[in-house]
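The sequence and structure are shown first.

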Amino acid sequence: MIQNVAVIGAGSWGTALASVLAKNGHQVTLWVRDAQLADEVNQTHRNQKYLPEATLPVNIVATSSLEKAVAGKPVVLLAVPSHAMRQVCQSMAAYLDPEVLLLHATKGFELESLKRMSEVIAEELSPQITSRLAVLTGPSHAEEVVCEQPTTVVVSSESEESMLRAQDLLMNQNFRVYTNPDLVGAEIAGALKNIIALGAGMSDGLGYGDNAKAALLTRGLAEISRLGIKLGAMPLTFAGLAGVGDLIVTCTSKHSRNWRAGYMLGQGKRLDEVLEQMGMVVEGVRTTHAAYALARREQVDMPITQVLYGILFEGKTARQGVEELMGRGKTFEMSYLNPEADRS
Ligand SMILES: NC(=O)C1=CN([C@@H]2O[C@H](COP(=O)(O)OP(=O)(O)OC[C@H]3O[C@@H](n4cnc5c(N)ncnc54)[C@H](OP(=O)(O)O)[C@@H]3O)[C@@H](O)[C@H]2O)C=CC1
Ligand SMILES: O=C(CO)COP(=O)(O)O
């Protein structure tokens with residue numbers, strides 16, 4: 001069924017998802033924070049700032065008014081950075097349709113509270129929203145999605161009906177949408193893989209090879225699964241698109257901002273310089289901070305995350321980080337077979 005959909009956030013991901021929805025025939029209102037960029041999108045059907053290569057469908061109409069974007073819309077898709085989620089939900093709460101289907105596509109935690117995005121959304125809107133809330137995640141760089149390259153993603157929700165509605169809205173010949181009822185796992189896997197992508201970029205920036213990258217992906221997956229499971233995720237979610245799928249794409253793609261930021265750090269640039277040069281969200285930096293705090297709170301061993309925290313926030317060099325990881329004591333690979341030996 002054709003729907004009126006509001007997409008909140010016109011960065012690269014919101015713009016690409018607006019394009020998928022519009023190509024599926026839906027009438028899309030795109031909320032663009034900057035009024036000048038909203039005018040530009042309406043006049044040129046391009047988003048020069050975030051996806052300069054793409055021509056956008058004409059059934060995307062941009063507005064800088066959050067009220068105009070969401071009022072009366074049966075479906076709202078949030079694609080803002082994690083640090084903006086609470087504020088954006090507060091600002092749009094008064095205008096939302098009481099029966100709205102809410103999707104979010106954000107990969108991160110709220111740093112201050114260490115909460116997942118769906119928890120932040122429910123706190124700001126209403127606890128009942130969880131029956132009409134779904135997360136979209138999986139291996140999907142905006143630059144490829146917007147030019148209709150084959151892509152697979154996953155939607156998760158506590159409500160089967162919401163999950164199936166989200167799948168119907170988004171799925172097409174080039175954008176294959178799976179469902180997975182493990183909302184907690186889908187959100188956590190999507191957020192935590194960005195930490196490992198920073199590490200993979202650093203490894204490449206230091207000039208290390210494929211062995212090092214494979215080690216980071218594999219041991220990274222082990223530690224992010226360990227934290228996710230402790231926080232209530234289903235283990236198998238980490239073997240799926242939200243887990244290993246997204247880990248592969250973010251650790252290996254030239255499009256990944258997390259990989260690129262890591263690469264520059266590996267080459268010796270300072271974090272503030274790197275973030276300034278990126279000019280786009282690098283969720284892995286805040287997520288490293290959040291995961292470091294969560295790992296301490298939950299007493300989960302996350303050696304790669306701990307080392308990355310040291311590099312990002314405590315002045316450790318990337319090379320010192322590698323030495324630290326490689327110099328750790330002897331341990332057992334399959335810690336789930338012997339939790340007592342769990343030192344990763
Ligand atoms: N890009 C991708 O391929 C994918 C991204 N994601 C996730 O989607 C989320 C959004 O990322 P993405 O679109 O890539 O980010 P971008 O860096 O491309 O764009 C960021 C967007 O967020 C807006 N923004 C920044 N700060 C605020 C704020 N305080 N309040 C409201 N809006 C704000 C920016 O507006 P302005 O220009 O006015 O600053 C801009 O529209 C992230 O969690 C990311 O991990 C998930 C899958 C794929
Ligand atoms: O999540 C993503 C791809 O699935 C986007 O990753 P980056 O934010 O690193 O570009």
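Ser140 is found in the loop between β8 and α6, and Gly138 lies in this loop between β8 (133-137) and α6 (142-145) as well. Helices (H or I, at least four residues) and strands (E, at least two) are DSSP runs, numbered from the N terminus. The model is predicted: local features need pLDDT of at least 70, side-chain atom pairs count only at pLDDT 80 or more, and totals for chains, interfaces and linings use all residues. Residues are numbered from 1 along each chain as its sequence is written, while chains are lettered from A and ligands numbered from 1 in the order in which they are written.

The table gives the burial of both residues; a residue is buried if 20 or more other C-beta atoms lie within 10 Å of its own, exposed if 12 or fewer, and partly exposed in between, with C-beta atoms placed from the backbone.

| Residue | State | Other C-beta atoms within 10 Å |
|---|---|---|
| Gly138 | buried | 25 C-beta atoms |
| Ser140 | buried | 23 C-beta atoms |

Not counting residues up to four places away in sequence, Ser140 touches Val145, Thr151 and Val153, and the residues that Gly138 touches include Val153 and Asp246. Contact requires C-beta atoms, placed from the backbone, within 7 Å.

Around ligand 1 there are 26 residues, of which Gly11, Trp13, Ala84, Ala142 and Met280 come nearest; a residue is near if its C-beta atom, placed from the backbone, lies within 6 Å of the molecule. Ligand 1 lies between domain 1 (4-181) and domain 2 (184-341), because both give residues to its shell. These bounds come from an automatic or database domain assignment.

Definitions and conventions
Contact = placed C-beta atoms within 7 Å.
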